[in-house]
Protein chains: 2
Amino acid sequence: MTKSCIRVYADVEQISQCKQDIEKVDAAISKLAKALDLAGNEVRLKMLFLLDKESKMCPCDLSDILGMTVPAISQHLKKLKDAGLVESNKVGQTIFYSIAKSSNLILNPILKLIENEKVTTHE
Amino acid sequence: MTKSCIRVYADVEQISQCKQDIEKVDAAISKLAKALDLAGNEVRLKMLFLLDKESKMCPCDLSDILGMTVPAISQHLKKLKDAGLVESNKVGQTIFYSIAKSSNLILNPILKLIENEKVTTHE
DNA sequence: AACGTATTTAAGTGACTGCTTAAATATACG
DNA sequence: CGTATATTTAAGCAGTCACTTAAATACGTT
């Protein structure tokens, strides 16, 4: 890879320890990154917020509330469902989506940040 | 937009309430989505994890630990810094990056998920 | 069966990502 | 000053994203 930099004043011990540490959490990070990537889209985050608040909604409702076409919403829902973040329940011709219970561990702390209005990352 | 669907069995009251609710948290969601989007990248999440654990690191160290070129690392750091998630401190010719204190509110709950190995979203 | 509603799937497209390599900038040191 | 180290910036590019429109699927009603 690179030839310069890398190792002059470096703490070799620290580096090697970090490599091990990272390896241990690699799977967890990979999984978490996927979830955060999905939640890191404004439309999808709104959808998750709404599903959390209302407990269940159909694509049609979300389309109306968010002012987006139904196919656009449907495609977002598919991604969330494929990742296991939401699940669906069909009733007649309408499909109700809701937060998957198994994803609460990840989503709860995130959704809590919204309500708390605590989102003061910067400036 | 669409002409079909939208309103037949819909709970008009709920929809309109949701529109208001979303509007209230719009700014918070927008900000949070940006942060999650950044953290939702495997490389960057690892970087944040390492910065959190080691309190500070230089691009060179991160490059070594993560097995990536220095420019690639530098570009990720720039994004994190532009978003206010990390900050930098120059000492001689090396630049130490660390988690911005102001971003702890968002990052702490996320980073905690890694250590807890609780990341069991799915299956 | 035929039509209307609810939703998904598919194909196309412009914008954005994340990497690469090469060059630029900045600081330290002989 | 010239060279080595540390980092950023820039340009290029393949891959992905999020939307659009159009078509397909599915259920309900008459």
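How many helices and strands does the secondary structure of chain A come to? The count is 5 helices and 2 strands. Keep in mind that this is a predicted model.

Let's walk along chain A. From the N terminus on, its elements run α-α-α-α-β-β-α. Chain A has 123 residues, and 44% of them count as buried. Now take the contacts in chain A with a separation of 6 or more. Residues 24 or more positions apart account for 47% of those.

Next, the core. The largest nonpolar core has 69 residues. Which residues have the most contacts inside it? They are Leu45(A), Leu50(A), Leu45(B) and Leu50(B). Here is some background. In soluble globular proteins, nonpolar side chains tend to be buried together.

Let's pick Leu50(A) and look around. I leave aside its neighbours within four places in sequence.

Now one helix in detail. Helix H4 of chain B covers residues 70-82, which is 13 residues. From first C-alpha to last, H4(B) reaches 18 Å. That is close to the 18 Å expected at 1.5 Å a residue. Which residues of H4(B) are buried? They are Ile73(B), His76(B), Leu77(B) and Leu80(B). These four cover an arc of only 100° around the axis, so they sit on the same side of H4(B). Turn to the other side of H4(B). There, Gln75(B), Lys78(B) and Asp82(B) are exposed.

What do the buried residues of H4(B) pack against? Three helices of chain B are on the list: H1 (12-39), H2 (42-54) and H3 (59-66). Two strands of chain B are there as well, E1 (86-91) and E2 (94-99). After H4(B) comes Gly84(B), with a positive phi near 80°.

On to some charged side chains. Asp64(B) is found in helix H3 of chain B. Is Asp64(B) buried or exposed? Asp64(B) is buried, because its relative accessible area is 17% and the cut-off for buried is under 20%. Its side chain makes a polar contact with the side chain of Lys19(A), at 3.3 Å.

Lys46(B) is another one. Look for Lys46(B) in helix H2 of chain B. Lys46(B) is buried too, with a relative accessible area of 15%. Not counting residues up to four places away in sequence, Lys46(B) touches Ile22(A), Asp26(A) and Ile29(A) in chain A. In chain B, Lys46(B) touches Leu66(B).

Now the cysteines. A disulfide is a covalent bond between the sulfur atoms of two cysteines. The cut-off is within 2.5 Å. Cys58(B) is in no disulfide either, and its nearest cysteine sulfur, that of Cys60(B), is 5.0 Å away. Both of these cysteines count as buried: Cys58(A) at 11% relative accessibility, and Cys58(B) at 10%.

Last stop, a serine in each chain. Most residues other than glycine have a negative phi. Now look at Ser55(A). Its phi is positive, about 70°, although Ser55(A) is not a glycine. Ser55(A) has its place in the loop between helix H2 (42-54) and helix H3 (59-66) of chain A. In chain B, phi of Ser55(B) is also positive, near 70°. Ser55(B) is found in the loop between H2 and H3 of chain B.

Ser55(B) is partly exposed, with a relative accessible area of 48%. Which residues is Ser55(B) in contact with, leaving aside its neighbours within four places in sequence? They are Leu50(B), Tyr97(B) and Ser98(B). One more pair to find on screen is Ser55(B) and Phe96(B). They are 41 residues apart in sequence, and 9.5 Å apart in space, C-alpha to C-alpha.

Key:
Residues are numbered from 1 along each chain as its sequence is written. Chains are lettered from A and ligands numbered from 1 in the order in which they are written. Side-chain values use heavy atoms; hydrogens and water are left out. The expected span of a helix is 1.5 Å times one less than its number of residues. Buried means under 20% relative accessible area, exposed over 50%, partly exposed in between (1.4 Å probe, protein chains only). The arc is that of the directions from the helix axis to the C-beta atoms. Contact means heavy atoms within 4.5 Å. A nonpolar core is a set of buried Ala, Val, Leu, Ile, Met, Phe, Trp, Tyr and Cys residues joined through side-chain atoms within 4.5 Å. A polar contact is a pair of N or O atoms within 3.5 Å; within protein, one must be able to donate a hydrogen and the other to accept it, and residues adjacent in sequence count only if both atoms are side-chain atoms.
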